[in-house]
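Q: Please take a close look at a single part of this model. I would like one connected account of the packing there.

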Amino acid sequence: MAHAAPAGRTRGTTMDVFGARTHRTAEWAVPVVLGLVYGYWAAANRRSGGPITGWNLLFGFVTTIAFVALWMAIRRLTPLMRRELHALVWAAFAGSAFGFLYSQTGATIMRSIGWSLLIGAICFVVMFYRYYTHEDAAGHRIP
């Protein structure tokens, strides 16, 4: 007697644990939460342990808004790109974001650039590997 596959699952595919509503919520929640953490981190680096001021709060919120806007723009545009450019855009974003945070600590500009290039290069390798193993050359997901 053959056993049937569980409901909602077909042979050779995986079942999505979360529903469409959860994915829609996560599309907004993840960038906002990461942006708030990023903005707080940038503001904390800028004040160097000093008192929190109104300008420091404003800097943190403006940084948050910029981070979230860039994240969401990249999320919208990169699926339309080939995997090489897709990985390069995410690497540029990660490297730039890290470099900006590092520059807020008072480090020299050359040191900030060096670290951001290193982080960007590592991110490129990881993202390219991910897209190379999960997409075909045209950018379609491989099942």
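A: **Around Leu36**

Leu36 is partly exposed, at 43% relative accessible area (partly exposed lies between buried, under 20%, and exposed, over 50%; 1.4 Å probe, protein chains only). The model is predicted: local features need pLDDT of at least 70, side-chain atom pairs count only at pLDDT 80 or more, and totals for chains, interfaces and linings use all residues. Residues are numbered from 1 along each chain as its sequence is written, and side-chain values use heavy atoms, without hydrogens and water.

Leu36 lies in helix α1 (helices are DSSP runs of H or I, at least four residues, numbered from the N terminus). With Val32, Ile52, Leu57 and Phe61, Leu36 makes a nonpolar surface patch of about 470 Å². Patch residues have over 30% relative accessible area and no salt bridge (a Lys or Arg side-chain nitrogen within 4 Å of an Asp or Glu carboxyl oxygen); nonpolar side chains are joined within 5 Å. Areas come from the Shrake-Rupley method with a 1.4 Å probe. Helices α1 (20–47) and α2 (54–77) each give two or more residues to the patch.

Thr64 sits in helix α2. Thr64 is buried, at 9% relative accessibility. Beyond its neighbours within four places in sequence, Thr64 is in contact with Gly35, Leu36 and Gly39 (contact means heavy atoms within 4.5 Å).

Beyond four places in sequence, its contacts are Pro31, Leu34, Gly35, Tyr38, Phe93 and Ala97.

Terms used. Patches are made of residues with over 30% relative accessible area and no salt bridge: like charges are joined within 9 Å, nonpolar side chains (Val, Leu, Ile, Met, Phe, Trp, Tyr) within 5 Å.
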